[in-house]
Each structure stands twice: as C-alpha cells, then as structure tokens.
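This briefing concerns side-chain contacts that involve aromatic rings and charged groups. Please look at the sequence and the structure before reading the points that follow.

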Amino acid sequence: YHQYFTEVHNISATEFLIIKQMDELVFSCNYASVYQLKSGKYILKSAFNKKKKLSICNFTHIETPTNHEEIPIRKLQFDASKKKIFFDDPNHKKTSAVYKNGNFNIDDYDERKLYD
C-alpha cells in the first residue's frame with residue numbers, strides 16, 4: 001500500500017490539520033488529524049468526537065466474474081475559511097462538520113465494515 005500526505009491546513013496559531021491518504025489494491029482511505037502546540041511540542045489532539053483520527057474509507061474497485069468497475073475515491077476536504085471538513089457520502093450528500101470548541105463533530109465512514 002501507499003500512504004502520503006495530501007494537505008496541511010492551519011486551524012489556529014497553535015493548531016494545524018493534516019489530511020493523508022492510504023491506497024491499497026481495492027480500497028482507499030483518507031485520514032485527518034489535528035496537532036496542537038503544547039509546551040513547545042506538537043501533540044496529536046482528540047479532535048474528532050474524542051478520537052485522534054478521522055477515517056474515511058471506500059472501495060475503489062469491484063470485481064465480478066464478468067465486470068471490473070472503478071469507483072471514485074471519497075476524499076476528505078477542508079475549507080479553511082469556514083474551518084469545515086467534509087466528504088461526499090455514498091448518497092452524494094456532503095457529510096461535514098465545523099471546528100468548534102476544539103472538535104469536529106463528524107463520524108468515521110468505512111465501507112469495509114459493511115461486509116464484516
């Protein structure tokens with residue numbers, strides 16, 4: 001698999017948001033993390049409903065005996081002017097949250113768990 005940073009955004013003078021992506025053979029995940037400056041060190045913050053990381057994962061390829069279908073990657077996006085993180089869900093609606101009181105009120109989305 002391949003993992004890489006896709007975006008870095010300032011949230012405040014002491015906080016920043018990192019979005020990274022991880023691609024495997026048939027699925028892709030976007031992860032968001034917030035780091036906060038404390039005592040001269042940047043520390044990973046619990047900023048997603050008391051969790052340290054937001055995960056958005058979806059299948060990118062579906063194989064059947066007669067067909068191969070590619071599916072677009074569900075990417076996390078951040079609007080810095082509104083401090084809003086969002087992604088398109090399977091129903092083509094935007095799932096979003098604004099950074100308030102040091103937290104994004106948004107849940108993970110992982111298609112792989114639908115098949116457990």
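Lys53 lies over the face of Tyr31, at 4.4 Å from the ring centre, where a charge sits over a ring if NZ of Lys or CZ of Arg is within 6 Å of the ring centre and within 35 degrees of the ring normal. This is a predicted model, in which local features need pLDDT of at least 70 and side-chain atom pairs count only at pLDDT 80 or more, while totals for chains, interfaces and linings use all residues. Residues are numbered from 1 along each chain as its sequence is written, and side-chain values use heavy atoms, with hydrogens and water left out.

**Aromatic pairs**

- Six aromatic pairs are found in a search of the whole structure, a pair being rings of Phe, Tyr and Trp (its six-membered ring) with centres within 6.5 Å, counted as stacked if the planes are under 30 degrees apart, edge-to-face if over 60, and tilted for the rest.
- Phe16 and Tyr42 form an edge-to-face pair, because their ring centres are 5.1 Å apart and their planes stand at 70°.
- This pair links distant parts of the chain, with Phe16 in strand E2 (residues 15-23) and Tyr42 in strand E4 (residues 41-45), 26 residues apart; strands (E, at least two residues) are DSSP runs, numbered from the N terminus.
- Phe16 is buried at a relative accessible area of 17%, whereas Tyr42, at 45%, is partly exposed; buried means under 20% relative accessible area, exposed over 50%, and partly exposed in between (1.4 Å probe, protein chains only).
- The rings of Phe87 and Tyr109 make a tilted pair, since their centres lie 6.1 Å apart and their planes are at 35°.
- Both Phe87 and Tyr109 are buried.
- Phe48, Phe78, Tyr99 and Phe104 are linked by ring pairs into a cluster.

**Salt bridges**

- The structure holds three salt bridges, each defined as a side-chain nitrogen of Lys or Arg within 4 Å of a carboxyl oxygen of Asp or Glu.
- In one of them, the side chains of Lys45 and Glu15 meet at 2.5 Å, N to O, which connects strand E4, holding Lys45, with strand E2, holding Glu15, across 30 residues; both Lys45 and Glu15 are buried.
- Lys51 forms a salt bridge with Asp108, with the closest N and O atoms 2.3 Å apart, and here Lys51 is partly exposed at 34% relative accessibility, as is Asp108 at 33%.
- Arg74 and Glu111 form a salt bridge whose closest N and O atoms are 2.8 Å apart, and both Arg74 and Glu111 are buried.

Notes
Helices (H or I, at least four residues) and strands (E, at least two) are DSSP runs, numbered from the N terminus.
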